[in-house]
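Biologist: Hi! Could you walk me through this one before I start on it?

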Amino acid sequence: MKTMGGQDAQTAQPIGAGGTGSASGLLARELETPTRVDEITDRLVTAIAIGEYLPGARLPSERELASSLRVGRMTVRAALARLVDLGLVETKNAGRGGGTYVLQQWPESSTAAVGRTLTMRVDELRDRCDAICRIHGAVCRAAAESRSDGDIALLRERLEAYRSAPSGLESQQADSALHLAIMDAARNAVLKQVLLELEASVSIGAPAHLWGEPGTMREMELRALHEHELLVDAIGRGDGDDADDLARAHVAIDFELISAAMRRAGVLAD
């Protein structure tokens, strides 16, 4: 059970309990059970395995991860230390270029954690991915109806940037930039915010687009390129029906990647 703010109910003791005052209350809010650390470690291992964070990517800060995952920073710190021990990430000194960086995506040692994490969330993820498809369709319809000449020019520029981006992290970043430009072309701040919040809720680790496994990544990127071309063309023509249909089909890639990861982890039959 959770309290507001995402802390475990059993650790959120009243300040002053036991007569130790505010210091004990702060400690109670920060300390988490070993099981909670195990869960967050599994989620971060899975986020890396399914490509939310690709090799070379810098993870969000401890504070950002704690906020996204709704746990204390001590829990995040303990989980990150485990990822370092597993060889999945490395931590560089503070300052420009400092932070925690992904080293490898899915070694065999990650498979059990992926299976546990995705099995627990599969029904929720299916429903949320379906909702994203529907809302993304509405956003792209709005973009087709509301886009300006400047919006179309920017969409084509972002499409070319995606086309020329190297496979992996840079392609993932170019994809995000293109989709943000589509949201802006819709000229509806509420729709954009709803879509961003829903996408963040699908994330295993923290808000980021998953990108799939190394073995099938390039195939997915090329498929996405073709679908991006069709979608930008429909928005440019002002064809809301076509943009809606194309967007729904395109965003379905997310759950396909989750399903593929579950098959690799042995928790979903072929």
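**Helix packing**

Modeller: Happy to: α7 and α8 are roughly antiparallel to each other (angles under 35 degrees count as roughly parallel, over 145 as roughly antiparallel, 65 to 115 as roughly perpendicular and the rest as oblique). This is a predicted model, where local features need pLDDT of at least 70, side-chain atom pairs count only at 80 or more, and totals for chains, interfaces and linings use all residues. Residues are numbered from 1 along each chain as its sequence is written, and side-chain values use heavy atoms, without hydrogens or water.

Biologist: At what angle do the axes of α7 and α8 cross?

Modeller: Roughly 150 degrees, and they come within 10 Å. Here α7 covers residues 169–185 and α8 residues 189–202 (helices are DSSP runs of H or I, at least four residues, numbered from the N terminus). Axes are lines fitted to C-alpha atoms over the stretch in contact, with angles from 0 to 180 degrees between N-to-C directions.

Biologist: Which residues make that contact?

Modeller: L180, M183 and D184 of α7, with K192, L195, L196 and E199 of α8 (contact means heavy atoms within 4.5 Å). They divide into four nonpolar, no polar and three charged (Ala, Val, Leu, Ile, Met, Phe, Trp, Tyr, Cys and Pro are nonpolar, Asp, Glu, Lys and Arg charged, and the others, Gly among them, polar).

Biologist: And how far apart are the axes of α7 and α9?

Modeller: They are 12 Å apart, packing at about 20 degrees. That makes α7 roughly parallel to α9. S171, D175, L178, H179 and I182 in α7 meet E221, H228, L231, V232 and I235 in α9. That contact has five nonpolar, three polar and two charged residues.

Biologist: What about α9 against α10?

Modeller: Helix α9 (residues 214–237) and α10 (residues 240–251) have axes within 9 Å, crossing at roughly 160 degrees. These two are therefore roughly antiparallel. Contact residues include R223, L230 and I235 of α9 and D242, L246 and H250 of α10. By class, there are nine nonpolar, two polar and four charged residues in the contact.

Biologist: Switching topic, where does α5 bend?

Modeller: At V122, by about 60 degrees (the angle between axes fitted to the seven residues ending there and the seven starting there).

Biologist: How far apart are the end C-alpha atoms of α5?

Modeller: Only 45 Å, for the 36 residues 111–146, whereas a straight helix would reach 52 Å (1.5 Å times one less than the number of residues).
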